[in-house]
Amino acid sequence: MSYGIDTVDSVGVVGAGTMGSGIAQVSALAGYDVVMRDIEPELVEDGFDAIEDSLGRFVDRGDLTEKEADAVVERIEGTTALDDLADCDIVVEAAVEDMAVKRELFADLAELTEPGTVLATNTSTLSVTTIASATDRPGEVVRLHFMNPVPVMEGVEVVVGEKTAEGVVDLAHAFAEEVGKTTWEADDKPGFVSNRILMPWINEGIRAFDEGVATKADIDRGMKLGTNVPMGPLELADHIGLDVCLHATETLHEELGDRYKPAYLLKRKVEAGDLGKKTGRGFYEYE
Ligand code: 3HC
């Protein structure tokens with residue numbers, strides 16, 4: 001089987017949340033026809049709201065005209081039916097971080113799409129090989145991991161599963177580049193490059209705060225000014241979502257041992273429902 005980027009016209013996206021809607025947006029902006037699917041109509045609507053909000057920011061700063069922004073939205077079809085992804089040339093899954101859910105989705109996707117359709121997962125930390133093994137086409141499963149917020153972050157991490165075909169890896173890189181991103185590649189090892197290194201950084205920031213090393217503002221300020229990153233660990237945790245950080249850290253802890261043990265305060269905040277920006281309160285408060 002050969003996998004050419006020239007044969008990709010349509011993109012399926014599973015999940016219309018923060019990541020899924022962002023992936024749908026950048027794909028449509030690059031000129032692809034997109035089918036964005038979530039399980040409830042309201043979630044699909046929320047996805048469109050996020051896309052319109054983000055495109056509005058590009059319009060405000062003069063990077064897009066209103067007409068171009070409208071055309072991007074028009075290229076995206078919303079749906080709750082997984083079957084509507086049957087004719088897509090590449091599908092990117094950005095559903096919940098739950099292995100059982102992802103395995104079931106990939107088994108269904110492999111059945112309903114034609115052989116030759118690349119099936120990509122945006123998983124933060126789960127193994128692409130384990131996801132792929134739920135399908136009868138593991139060679140066509142790859143990880144294509146966008147960063148949050150997808151419309152503005154340049155990097156995409158491509159992860160190669162045990163059985164991923166070389167042509168599929170090449171297509172994953174080429175697709176990410178077509179939607180305006182720059183890629184790097186990692187092996188299918190826990191957390192890959194990005195989250196293996198980012199999550200303990202965040203976790204240690206939370207521990208430092210909990211252990212009274214400094215105020216949260218000074219921890220964030222120190223890391224921003226001291227290492228030239230746009231957000232400190234506590235701000236970034238709020239931005240990503242504390243539940244996402246906890247799940248990723250727990251997966252790493254399970255796979256890699258005690259150096260990844262989730263901070264006590266991270267667990268306590270998730271239990272309290274203070275998940276960061278999305279709930280209006282995490283380490284900081286948001287309107
Ligand atoms: N769409 C369009 N534009 C957006 C946007 C979006 N979703 N989000 C931010 N922007 C724009 C803003 O409108 C603003 O534009 P302006 O300069 O014209 O006003 C510009 O980006 C800068 O935004 P802000 O002024 O709000 O704030 P910042 O300068 O801090 O930038 C940020 C925001 C781009 C999020 C920056 O803080 C940043 O890069 N933070 C780090 C993000 C990061 O590390 N992401 C990776 C998370 S880990 C991950 O995704 C992996 C997962 O598996 C957990």
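Eleven residues of domain 1 are in contact with nine residues of domain 2, where contact means heavy atoms within 4.5 Å. The structure is a predicted model, in which local features need pLDDT of at least 70 and side-chain atom pairs count only at pLDDT 80 or more, while totals for chains, interfaces and linings use all residues. Residues are numbered from 1 along each chain as its sequence is written, and side-chain values use heavy atoms, with hydrogens and water left out.

Domain 1 covers 5-187 and domain 2 covers 194-277; these bounds come from an automatic or database domain assignment. Taken over C-alpha atoms, the centres of the two domains are 26 Å apart.

The size of an interface is often given as the accessible area lost when the parts come together. Between domain 1 and domain 2 the buried area is about 730 Å², and carbon and sulfur atoms give 54% of this. Buried area is the accessible area (1.4 Å probe) that two parts lose on being put together, summed over both.

## The ligand and its shell

The ligand lies between domain 1 and domain 2, because both give residues to the shell around it. This shell has 19 residues, and the closest are Ser54, Ser124, His145, Asn148 and Asn195; a residue is counted if one of its heavy atoms lies within 4 Å of the ligand. Helices H2 (41-60), H7 (194-210) and H9 (233-240) each supply at least two residues of the shell. Helices (H or I, at least four residues) and strands (E, at least two) are DSSP runs, numbered from the N terminus.

A polar contact here is a pair of N or O atoms within 3.5 Å. The side chain of Ser54 has an N or O atom 2.7 Å from a nitrogen atom of the ligand. Taken alone the ligand exposes 1,000 Å², and the protein buries 65% of that (Shrake-Rupley method, 1.4 Å probe).

## Backbone in two loops

Most residues other than glycine have a negative phi, and most peptide bonds are trans. The bond from Asn148 to Pro149 is cis, with omega near 0 degrees; Pro149 is in the loop between strands E6 (141-146) and E7 (155-160). Phe192 has a positive phi, near 55 degrees, and lies in the loop between strand E8 (182-187) and H7.

Key: Polar contact = N/O pair within 3.5 Å; in protein donor to acceptor, adjacent residues only side chain to side chain.
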